[in-house]
Amino acid sequence: MAGSDGVALRLGHASLAYGRTTVVEDVHGDVRPGEAVALIGPNGAGKSTLIKGVLGLVPVVSGRIEVLGTAPAKARRRVAYVPQADNLDPDFPVTAGQVVLMGRYREVGWIRRPGAADRRIAAGALAAVGLADRAGMRFGTLSGGQRQRVLLARAVAQRPALLLLDEPFNGVDAVSQEALLSALAGLRAGGAAVVVSTHDLALAHLAC
């Protein structure tokens, strides 16, 4: 789903700041359903800050950000976010399948238990990243690349209109890279808009 003008994400000369310090300045452009855009730059360039601005977590001090035709905070139910894997605690006692099923909680709510349809969606998302046989394994025992694929599967299970990924290819092996790229292509084919931050030009070219 997009805004009334067919745009999933609109950055209108947006500048973002932490307190009085402007971190990202005058970013402009549109991302439409089925499109993928890469945010390219070294660490500290403001890529993560811009993604957080799209999530409504960092204030826009000038210009505007519209997500699916509304303010970022109002669109979060239809936006999925894949953080860098090392932002999560690998010691948390949860299986890969349970992590992916968390992607359904926005749809079913935190009180109601996910139903059979939600479990099928989660299983399909895990299969889409090539990890159907790892569903029962503890998340923290997986390799870094596998954990990143599980996080993407969780996002796929949300069935988002907009997917945001923060350096998803960092430290992953070639097999995981290929699985991530394939899953992203599938999301785009289904009409999702994708924004991915990376410092790797070759992977940006392949993903976008």
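**Entry 1: after helix α4**

I began at the residue that follows α4. Gly130 comes after that helix, and its phi is positive, near 75°. I am working from a predicted model, so each value here is computed from predicted coordinates.

**Entry 2: helix α4 itself**

I checked the length of α4, residues 116-128. Its 13 residues should span 18 Å at 1.5 Å a residue, and the end C-alpha atoms are 18 Å apart, so expectation and model agree.

Next I asked which residues of α4 are buried. I found Asp118, Ile121, Ala122, Ala125 and Leu126. Looking down the axis of α4, I saw these buried residues fall within an arc of 135°, so they line one face of the helix. I then turned to the other side of α4, where Ala116 and Arg120 are exposed.

What covers the buried residues of α4? I listed α2 (96-101), α3 (105-108) and α5 as part of the cover.

**Entry 3: Arg147 in α5**

I moved on to α5, which spans residues 144-158 and holds Arg147. I looked up the contacts of Arg147, setting aside residues up to four places away in sequence. Arg147 touches Phe139, Gly140 and Leu142. I also took a C-alpha to C-alpha distance from Arg147 to Val172. The two are 25 residues apart in sequence and 9.3 Å apart in space.

**Entry 4: Ser182 in α6**

I went to Ser182, which sits in helix α6. Is Ser182 buried or partly exposed? Its relative accessible area is 44%, so I logged Ser182 as partly exposed.

Helix α6 covers residues 174-189, and with β6 and β7 it makes a right-handed β-α-β unit.

**Entry 5: strand β7**

I turned to β7, residues 193-198. How many of its residues are buried? I counted 6 of the 6, so the strand is largely enclosed by the rest of the structure.

I sorted the residues by face. In a regular strand the side chains alternate between the two faces of the sheet. On one side of β7 I have Ala193, Val195 and Ser197; on the other, Val194, Val196 and Thr198. Both faces are covered.

I checked the strand partners too. Strand β3, residues 36-40, runs parallel to β7 and is joined to it by 5 bridges. Within that pair, Leu39 has Ser197 as its bridge partner. Strand β6, residues 162-166, is also parallel to β7, again with 5 bridges. There I found Leu163 opposite Val194.

I finished with Ser197, a residue of β7. Its relative accessibility is 0%, so Ser197 counts as buried.

Which side chain makes a polar contact with the side chain of Ser197? I found that of Asp166, at 2.9 Å. I also noted the backbone nitrogen of Glu167, which lies 2.9 Å from a polar atom of the Ser197 side chain.

Methods
Residues are numbered from 1 along each chain as its sequence is written. This is a predicted model: local features need pLDDT of at least 70, side-chain atom pairs count only at pLDDT 80 or more; totals for chains, interfaces and linings use all residues. Side-chain values use heavy atoms; hydrogens and water are left out. Helices (H or I, at least four residues) and strands (E, at least two) are DSSP runs, numbered from the N terminus. Contact means heavy atoms within 4.5 Å. Buried means under 20% relative accessible area, exposed over 50%, partly exposed in between (1.4 Å probe, protein chains only). Two strands pair if DSSP finds at least two bridges between them. A crossover is right-handed if, with the strands pointing away from the viewer, the path from the first strand over the helix to the second runs clockwise. The expected span of a helix is 1.5 Å times one less than its number of residues. The arc is that of the directions from the helix axis to the C-beta atoms. A polar contact is a pair of N or O atoms within 3.5 Å; within protein, one must be able to donate a hydrogen and the other to accept it, and residues adjacent in sequence count only if both atoms are side-chain atoms.
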